[in-house]
Amino acid sequence: MKAAIYRRTGPAAEVLSVEDVDTPDPGAGEVRVRITASGINPTDWKTRAGLTGQDPDSFQIPHQDGVGVVDAVGEGVDDGLVGQRVWLFLSAFGNRYGTAAEYSVLPVAHVRPLPGDAPDELGACLGVPAVTAAHCLLVGGVGDPAALRGRDVLVAGGAGAVGHYAIELAKHAGARVVTTVSSDEKGELARAAGADLVVNYREPGAVERVRGFTERVDRVVEVALGANLELDLAVAGAGTVIAVYANEPNDPVVPTRRFMVANATISYVLLYGVPSAQLEAAVAWTADAAGSGALSPLPITRYGLDDVVAAHEAVENGAVGKVVLVP
Ligand SMILES: NC(=O)c1ccc[n+]([C@@H]2O[C@H](COP(=O)([O-])OP(=O)(O)OC[C@H]3O[C@@H](n4cnc5c(N)ncnc54)[C@H](OP(=O)(O)O)[C@@H]3O)[C@@H](O)[C@H]2O)c1
């Protein structure tokens, strides 16, 4: 099969190539998926660049997320799955066969059916962004989306991939959502996702506008804790959970006493280490929301497999929306 691979970590143009590799067979408990679209996330280029770990032991096909059709199953897997359209998550986690190829082989536990009318562009973007958003909305709470009904949620960066799905999932659960963006273009995306109020955080009076919407949020889905400390503290109160899923170039100084006075909780999230029951809850909610048509794709930029270097560079340079590779 044709696959994008790297044998050592480094800059995209130096380490990524497209080659023919043996098409893998699924082992026990695994499925093979013919990939129709491969979603690229920041974690994919950071891993390829060597920012998160070690070089691969022989080769690595990148990308955690994707969509495709099951074409073979391993021992112990229901062969009724063959022909099923699925979305994939954590495909390249502890696995050489990520989704940037014509086929991926991965544990059956890491695929979910994709509703017939859902576009590939949606299925390719659910794994990292939507599952992270779902977990950020559930972590430290009762673990049930129904508990968000009527609650107030602040989503920082509502036009980002995680932010987009945080808005859609929170609205689907019946929450009221205020979100922040940095431009009119991104504001339109956040409004289209269903946010009740969109605030440009670069404009004067942003904190007051958010406080005008609500004086206390139940939950913050936070992409930049240090940059947004004052805003988060302005709407944090007893029981507020601030779920932080991204780091900044410099770690913030957390004002402990002010968070103590607020009786707020900061909860740090890294998808790769989420306990399995909580991961399952986030995946189940994502699958349910996608199945009921509550989730939408972000604007998509498509690249062919041969253009994997340009695709990685686009994500690395902060492309708005999602970058998708089509094998
Ligand atoms: N912990 C995890 O498991 C996990 C999972 C997924 C993603 N991540 C990480 O989370 C980050 C975002 O991922 P993504 O896929 O959502 O990226 P993305 O689609 O590029 O979105 C990032 C968004 O954050 C916004 N942003 C940056 N600074 C902000 C600020 N101070 N206030 C409000 N918004 C701000 C950006 O918009 P503006 O700059 O225009 O405001 C952008 O819309 C990446 O660093 C990624 O590696 C971590």
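## The shell around the ligand

Ala, Val, Leu, Ile, Met, Phe, Trp, Tyr, Cys and Pro count as nonpolar, Asp, Glu, Lys and Arg as charged, and the others, Gly among them, as polar. By that sorting, the shell around the ligand holds 16 nonpolar residues, ten polar and one charged. The model is predicted.

In total, 27 residues surround the ligand. P42, G157, G160, S182 and A246 are the closest.

## Two domains

The protein is split into domain 1 (2–125 + 297–326) and domain 2 (129–272). Their C-alpha centres lie 29 Å apart. Seven residues of domain 1 contact seven residues of domain 2. On the domain 1 side of this contact, five residues are nonpolar, one is polar and one is charged.

Both domains also take part in the ligand shell. Each of them supplies at least three residues to it.

## A look at A156

Where does A156 sit? Its place is in the loop between strand 8 (152–155) and helix 5. A156 counts as buried because it has 26 C-beta neighbours inside 10 Å, and the cut-off for buried is 20 or more.

Which residues does A156 touch, leaving out those up to four places away in sequence? They are G163, T180, V220, V221, E222, V223, A224 and N228. A156 and I167 are eleven residues apart in sequence. In space, their C-alpha atoms are 9.8 Å apart.

Technical notes:
Residues numbered from 1 in each chain as written. Predicted model: local features only at pLDDT ≥ 70, side-chain atom pairs only at ≥ 80, totals over all residues. Near = placed C-beta within 6 Å. Domains from an automatic or database assignment. Contact = placed C-beta atoms within 7 Å. Helix = DSSP H or I, 4+ residues; strand = E, 2+ residues; numbered from the N terminus. Buried ≥ 20, exposed ≤ 12 C-beta atoms within 10 Å, placed from the backbone.
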